[in-house]
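Colleague: Hi! Could you walk me through this model while I have it open on my screen?

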Amino acid sequence: MFLVSNTGFLNAHLLPGGCLKRESHLSNGFKGSVVAWLSLADSRGIFINRDGNVPVEKLRQREMKWLDMFENWEKWMSKRFKKVKERCRKGIPPSLRSRAWQYLCGSKFLMDHNTGRYEEYLRQKGDPRWIEDIKKDLHRQFPLHEMFQARGGTGTHAYTIHNPHEGYCQAQGPIAAVLLMHMPAEQAFWCLVSICEKYLPGYYSPGLEAVQLDGDVLFGLLKRSSPSIYKHLKKQRVEPMLYMTEWFMCIFSRTLPWTSVLRVWDMFFCEGVKVLFRIAIVIVRIGLPDSSVLAQCPSMYETIDKLRHIPSHLLEEGFLSTESLRLNITERDMEKEHQKQVQKRKAEREAKSKGPKKTKNKIKS
Amino acid sequence: MAAGPYNYSYIFKYIIIGDMGVGKSCLLHQFTEKKFMADCPHTIGVEFGTRIIEVSGQKIKLQIWDTAGQERFRAVTRSYYRGAAGALMVYDITRRSTYNHLSSWLTDARNLTNPNTVIFLIGNKSDLEAQRDVTYEEAKQFADENECSAKTGDNVEDAFLDTAKKIYQNIQDGSLDLNAAESGVQHKPATPRNPLNTDQTPSKEGCAC
């Protein structure tokens, strides 16, 4: 027994297939779960959703619960959010995932209140800088299917017009890909808007300030949750940006096995960036589990290698989400650490701006 | 795989820089895996690769940092230049804009590495001769350069090896001081230690053999 993938939309478009024909790419060391997931298409091009080991009966029950929530969404979110969170943590039923994500992130609301906006964006030419960058990335981001190429281009294109200051960031490509596998282009676009503006503001802006800040927050949380790993990383000067950039910017879509990506995204859409910190800490702990492994890493290269090449069977979705919820890190800890790092950066900036002024004065006098 | 902890005498750190889409990751993949990867996923942040090569009978481990080319990642990737012994600066011979940006990459490479860092210019995609947008002579004037193809593997080896030879030469003639911080070169004892004696930690090697 298997469930055909969530959106009838995807099946309809992908049935003529072609995915399997190009599977030679897959064995070619191509990176990313997105591709791994495409390989789940069966011989008829129908996507088989092997979503963990949830028995069908249970899945049906969960679907009913979710359908009920959709009926009174506002009420559930305002009055029984805890329950919604719990259900997201258990995993959203694949057949309703696309809808749930759009409800959770508010993109449905955005789309309903911006009728025609997306088409309007598509009609605009856009900044040639971004358009050229997007074009260059299309064949590598969406290598497997023409439809993805065409639609992936339009989604990110529209975003550069929606937010011309931010423009196109390469890390948005994998995100758009995951969204496009679940929903039509316009819906995916508004989801992307929500992620970039509400969930991870500043992540994709020039300079990547927000990601760097979160890297420092992650490091601070590691100090609290895993002191020996923290000491090791600090000693070898393994800066967070060396391993967490892709994890956070692509919301683990290039890091985890596909079923784990979906579970992480289920939680992320409900709880936001905190989920990324929890998962990241778990991955670091899986990669560097004990002192004997740390001893195998005499320099930063071995350490980074351990963090970046974790066997996928260790990143299985059930284990990952359970472990991430068992961490001795509370939401309050995260908020405190965030505040601490914001203050630290502010102080550093002030010290820097004071520095040159002094020398200026000296020159004057 | 490895016979012992130190089956090489030196480690050189390389960094690969250049505009997005010029084929930096493909070059790295071609060099470390000896295979061409079509549709290389773009690099978000930094990737790493290693390979052990031989120069003048010495085994050298190359530790190669492959950086994201998109402009907005530059604020981050700039911090990865520190301590590089070699910098491979890549452009795409079929896209002039990637060549025009070289001076800005070169400025970064000069400012953020040490004076002895060997900088090598690489014109990639030489298999696309028909679409050539930058002549060899023009680029030759810009620097001592090497045209190569990550696709066919032409000259890719040479680009990495010649850089290593130059670094090794700098070590031999004393212009590169191994003891200097951030020289980008680490010296390891050439002979594996007694594998049973695992307690032994690698001592900082100061003397030249």
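Predicted model: local features only at pLDDT ≥ 70, side-chain atom pairs only at ≥ 80, totals over all residues.

Colleague: Good, then how does the lining of the second largest pocket split by class?

Modeller: That lining has 15 charged residues, nine nonpolar ones and four polar ones.

Colleague: And what volume does the second largest pocket have?

Modeller: About 890 Å³. Its lining is made up of 28 residues, and those nearest the centre are Asp216(A), Pro240(A), Lys344(A), Arg345(A) and Glu348(A).

Colleague: Which elements give two or more residues to that lining?

Modeller: From chain A, they are helix H13 (209-225), helix H14 (227-235) and helix H21 (331-364), and from chain B there is helix H2 (74-77).

Colleague: Which of them gives the most?

Modeller: H21(A), with eight residues.

Colleague: Let's step back to chain A. How many helices and strands are there?

Modeller: Chain A has 21 helices and two strands. It is 365 residues in length, and 55% of them count as buried.

Colleague: What about its accessible surface?

Modeller: For chain A that comes to about 17100 Å², with 54% of it belonging to carbon and sulfur atoms. As for contacts in chain A between residues at least 6 apart in sequence, 78% join residues at least 24 apart.

Colleague: I'm looking at helix H12 of chain A now. Is H12(A) mostly covered or mostly uncovered?

Modeller: Mostly covered, as eleven of its 15 residues are buried. Among them are Phe189(A), Trp190(A), Leu192(A), Ile195(A) and Tyr199(A).

Colleague: What span should H12(A) have, at 1.5 Å a residue?

Modeller: Its 15 residues, 185-199, should span 21 Å, and the end C-alpha atoms are 20 Å apart, so the two values agree.

Colleague: Where is the place of Tyr203(A)?

Modeller: Tyr203(A) is in the loop between H12 and H13 of chain A.

Colleague: Why does Tyr203(A) count as buried?

Modeller: Because its relative accessible area is 1%, and buried means under 20%.

Colleague: What does Tyr203(A) touch, leaving out residues up to four places away in sequence?

Modeller: Tyr203(A) touches Leu208(A), Ala210(A), Val211(A), Asp214(A), Phe248(A), Met249(A) and Val273(A). Arg62(A), which is 141 residues away in sequence, is 34 Å from Tyr203(A), C-alpha to C-alpha.

Colleague: Over to chain B, then. Where does Leu176(B) lie?

Modeller: Leu176(B) lies in the loop between helix H6 (156-172) and strand E7 (185-187) of chain B. Its relative accessibility is 5%, so Leu176(B) counts as buried too.

Colleague: And which residues is Leu176(B) in contact with, beyond four places in sequence?

Modeller: Those are Asn116(B), Ile167(B), Asn170(B), Ile171(B), Ser183(B) and Val185(B). As for Ala85(B), it is 91 residues from Leu176(B) in sequence, and the C-alpha atoms are 9.4 Å apart.

Colleague: Which residue follows H1(B)?

Modeller: Lys34(B) does, and its phi is positive, near 55°.

Notes: Residues numbered from 1 in each chain as written. Chains lettered and ligands numbered in written order. Heavy atoms only, no water. 1 Å grid on protein atoms, 1.4 Å probe; cavity = no way out; pocket = protein on both sides within 12 Å on 5 of 7 lines; lining within 4 Å. Points joined across faces, edges and corners; volume = space filled by probe spheres on them. Helix = DSSP H or I, 4+ residues; strand = E, 2+ residues; numbered from the N terminus. Nonpolar A, V, L, I, M, F, W, Y, C, P; charged D, E, K, R; others polar. Expected span 1.5 Å × (residues − 1). Buried < 20%, exposed > 50% of the residue type's maximum accessible area, 1.4 Å probe, protein only. Contact = heavy atoms within 4.5 Å. Areas by Shrake-Rupley, 256 points an atom, 1.4 Å probe, with all protein chains shown as cover.
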